[in-house]
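Biologist: I would like a close look at one part of this protein. Please take me through its pockets.

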Amino acid sequence: MKRNYFTLLLVLLVCFSAVAQSTATLQKQLFQHFHEKAYPGILIGYSNGQHNISQALGYTNTATKQYLKPDQLMISGSTGKIVVAAAALKLVQEKKLELDAPVSKYLKGEWAEAIPNYDCLTVRHLMQHRTGLARYIFTNFKEDVKQDPDKVWQPLEQVKYITAVPPKFGCGQGFAYSDTNYLILGVIIEKVSGQDFYTYAEQNILKPNNIKTFVPTTKRTISGLANGYAGEKDPVDFTGPALDKDGKSRYNLQFEWTGGGYAYSPVMMARLMIAIFEGKVFGKELLAEYTATLPAPEINAEYGLGLMKYNLNGKTLYGHSGFFPGYLAQVYYDPETKESFVFMINTTEPAGIQDLYKSINSFFAQR
């Protein structure tokens, strides 16, 4: 019996040593590919469900030369839609929401009926960005949000910015990425769950899977948030540092809501992706629906229910990209190796973005 225990201990030590060596190798690979790049700083998160890695390179503040910390936060941009989609699918699992039900089943009234394509929109159309609805952020909204930095925006106010804009196509007849879809989805989630979105997501998605440091961006100051740097060609014209010297955003981060709506440490998103694909978030039965993607040429990928499908150097990867002025995020899940990688940089300067994706491609090509 003692010999068996000794043998078991020896096997465990060998396995632990191999895992430690593999983890150290991965950390070295990450460092080699992403240090000294053209962006201020980068946060990297990795998880395979058993082992997690957090890595930070560069600066949280370029003026003070303060270094990033591995557990620091960055704005998630649209990668937060992963949480929103998971919340919607959790409600589908609970039989409180139907993917192919018309939006009119859940939303009624004058404001809802003013939404273009209202009569034929379904929940699935919203989640797949197949509504034809315009992006509210590219209307007068982007000027209005800067005029009153403390204004708390209601999603219905934001949706009104696009009600007079003709849809790009009929329901389900094309792909056009639009945060407007996910604001409407957020209103539906709150209606059928009976809770505000962030509370429902925390209680049903994040907390049950031990996902921490996912901070709702509900105000102008977020503790532990790295400064972001928007370039002169920022798509929504929010140029310069994202935060002032006191760490306060120059506009209310709250407006993004279910279009993204989180700041997080990337290792936590990596862990969430593992939990989703292990069937721990909304069950395994809905994974086929989740990963059923359609062509989305506008984003050079395919799109499912809040999920992008990529072909990167011959690898099929699932995930989502995210943009917010001064911040860029990229989430990947590899179904072959069952690993998740999350990359976040604190710049939207074109040179930094291009360099990041060049480094990511190089990294995956050599793994």
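Which element gives the most to the lining of the largest pocket?

Modeller: Strand β11 does, with five residues. Keep in mind that this is a predicted model. The largest pocket holds about 890 Å³ of space. It is lined by 34 residues, and the closest to its centre are Ile299, Ser321, Gly322, Phe323 and Leu328. Four elements each supply at least two residues of this lining: β11 (308-312), β12 (315-324), β13 (327-334) and α11 (350-365). By class, the lining of the largest pocket has 21 nonpolar residues, seven polar and six charged.

Asp334 counts as buried because its relative accessible area is 3%, and the cut-off for buried is under 20%. Its side chain has polar partners. One is the side chain of Lys315, at 3.4 Å. Another is the side chain of Thr337, at 3.3 Å. Leaving aside residues up to four places away in sequence, Asp334 touches Lys315, Thr316, Leu317 and Glu339.

Of its 15 lining residues, Asn61, Gln66, Leu225, Leu243 and Gly247 are the closest to the centre. The lining of this second pocket divides into eight polar, four nonpolar and three charged residues.

Note on methods. Residues are numbered from 1 along each chain as its sequence is written. This is a predicted model: local features need pLDDT of at least 70, side-chain atom pairs count only at pLDDT 80 or more; totals for chains, interfaces and linings use all residues. Side-chain values use heavy atoms; hydrogens and water are left out. On a 1 Å grid over the protein atoms alone, a cavity is a set of points where a 1.4 Å probe fits but cannot get out, and a pocket is an open set with protein on both sides within 12 Å along at least five of seven lines; lining residues have an atom within 4 Å of a point. Grid points are joined across faces, edges and corners, and a volume is the space filled by probe spheres set on the points. Ala, Val, Leu, Ile, Met, Phe, Trp, Tyr, Cys and Pro count as nonpolar, Asp, Glu, Lys and Arg as charged, and the others, Gly among them, as polar. Buried means under 20% relative accessible area, exposed over 50%, partly exposed in between (1.4 Å probe, protein chains only). A polar contact is a pair of N or O atoms within 3.5 Å; within protein, one must be able to donate a hydrogen and the other to accept it, and residues adjacent in sequence count only if both atoms are side-chain atoms. Contact means heavy atoms within 4.5 Å.
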